[in-house]
Amino acid sequence: MGRPTTTGRGWGRAAAVAVTVVCLAYAPIAVTEIWPYARPGAPALGEWLLGRSVSPEFVAEAVRDRMGPYGRSLVPLVTHSVLGGLLMLLGPVQLLSAVRRRVRLHRVAGTVFAATVYASMAGAAVYLVRTPPAQAFSGAAFWIVLATILAGTVGSVTFGVLAAVRGLPDLHQRWMLLCYGFLMTAPLLRLEWGLLPRLYPGLGLAEINRVAIMHLGALVSFGALLASRALDRRTAVPGLTGTWSPLPVRIAAHLAGAAGLVWITGAFLDEGTAGRRLLLAYLVPYAVTYAVIAVRAARGAAWPREEWSLHLAALCLAPAFSAVTVPVLERTLGLDRITALVAGVGIGCGMLAYAAVTVVSLRILYAREVRKRQGRFTRPPDHPAMADDGDGDGAVREGARG
């Protein structure tokens with residue numbers, strides 16, 4: 001990919017500014033969101049904004065629906081929301097310090113960020129454990145999606161920390177961006193609370209949430225992928241040869257994905273107007289994401305094309321994964337068909353994106369191991385080790401120069 005073009009830099013700056021604005025705006029909303037449930041009458045910026053952008057009745061319904069589930073776990077939820085607001089501030093600091101190579105600031109803020117993620121997610125986990133899925137805010141499907149996002153957030157920050165400790169900056173970058181993508185589901189969901197009632201007047205918050213979870217996982221993981229590719233300017237990874245996504249694999253993934261999409265489409269259409277609304281909320285973002293990744297996977301240098309191709313295979317498999325997950329959720333959790341369908345589709349793209357980052361990480365590690373083995377055979381015994389043998393930085397620098 002070489003050096004970024006002027007157009008690429010412009011889009012990157014615009015995206016960074018947009019994310020920063022959303023994070024800064026959401027931070028005070030997150031901090032004050034749960035206080036009214038702990039102390040009635042306490043100010044809540046989010047409720048105030050939602051009441052003016054939608055209606056006071058919409059807010060009253062939301063408060064009523066959340067009062068019971070939240071009342072059993074107020075302290076964990078206050079902890080979760082307050083620390084979530086702090087994460088919205090730490091995220092831009094992490095991104096900007098990495099881009100501007102402020103190493104000391106990045107490490108200190110990263111340590112605080114990781115500790116805050118664990119503490120915030122612990123509060124959310126207590127709420128989920130104490131609340132049966134059927135009694136959760138917005139129902140069992142929303143509970144399942146929240147639990148999946150929690151697991152993805154904790155898993156990605158853990159792998160990000162391990163990569164940093166092992167001196168693997170390219171892997172650290174990918175996992176931390178995915179982690180922050182999962183965290184961004186919170187402010188994006190609030191944006192949809194304000195926008196979707198205008199598109200679907202009369203829908204309550206529970207139905208709005210069902211529409212939103214049809215695509216939130218796909219959007220945030222796609223955003224993390226775009227950021228990863230924008231920040232990784234290497235055209236090749238030393239030691240990487242061939243592909244882990246050859247033509248037979250791509251064909252099989254597309255066939256499985258097509259079968260999954262056909263099944264999902266039929267299942268939603270059987271649910272009438274509500275099903276068609278949910279299907280549209282899933283298919284349109286999925287089609288846009290697929291088009292962008294497919295175009296990128298078909299052109300460019302070897303390494304960018306390989307990463308795009310692996311993510312494309314994962315995206316194709318997401319509908320098949322969801323189709324298989326639906327009957328499993330029905331049987332194991334005793335869910336009705338539409339609830340299992342919403343949950344299965346809601347977690348599909350996010351889980352497969354997580355799997356794709358895992359495969360990309362293994363691909364990079366395998367290429368690095370191949371390079372080390374080649375070095376052992378080609379270097380004389382007294383030759384000094386290569387710069388990236390221990391920490392991975394040399395591979396990134398060499399790829400950037402290439």
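The points below are grouped by topic, after a short note on the model.

The model is predicted: local features need pLDDT of at least 70, side-chain atom pairs count only at pLDDT 80 or more, and totals for chains, interfaces and linings use all residues. Residues are numbered from 1 along each chain as its sequence is written, and side-chain values use heavy atoms, with hydrogens and water left out.

**Helix α8**

- Helix α8 comprises 15 residues, 169–183; helices are DSSP runs (H or I, at least four residues), numbered from the N terminus.
- From first C-alpha to last, α8 reaches 21 Å, close to the 21 Å expected at 1.5 Å a residue; the expected span is 1.5 Å times one less than the number of residues.
- Of the 15 residues in α8, 13 are buried, and the helix is thus described as mostly covered. Buried means under 20% relative accessible area, exposed over 50%, and partly exposed in between (1.4 Å probe, protein chains only).

**Salt bridges**

- The structure holds 14 salt bridges, each defined as a side-chain nitrogen of Lys or Arg within 4 Å of a carboxyl oxygen of Asp or Glu.
- Glu307 and Arg229 form one of them, at 2.7 Å from N to O. Because Glu307 lies in helix α14 (residues 302–333) and Arg229 in helix α11, this pair ties together parts that are 78 residues apart in sequence.
- Glu307 is buried, at 1% relative accessible area, and Arg229 is buried at 2%.
- Asp232 and Arg234 meet in a salt bridge of 2.9 Å, N to O, and both residues are buried.
- A salt bridge of 3.0 Å, N to O, joins the side chains of Glu306 and Arg363. Glu306 lies in α14 and Arg363 in α15 (residues 337–378), so the pair ties together parts that are 57 residues apart in sequence.
- Both Glu306 and Arg363 are buried.
- Through shared partners, salt bridges join Asp170, Arg174, Arg229, Asp232, Arg234, Glu307 and Arg368 into one network.

**Nonpolar surface patch**

- Trp244, Val359, Leu362, Leu365 and Tyr366 make a nonpolar surface patch of about 440 Å². Patch residues have over 30% relative accessible area and no salt bridge; like charges are joined within 9 Å, and nonpolar side chains (Val, Leu, Ile, Met, Phe, Trp, Tyr) within 5 Å. Accessible areas come from the Shrake-Rupley method with a 1.4 Å probe; for residues, only the protein chains shown count as cover.
- Trp244 sits in the loop between α11 (216–231) and α12 (247–269), and is partly exposed, with a relative accessible area of 35%.

Definitions and conventions: Helices (H or I, at least four residues) and strands (E, at least two) are DSSP runs, numbered from the N terminus.
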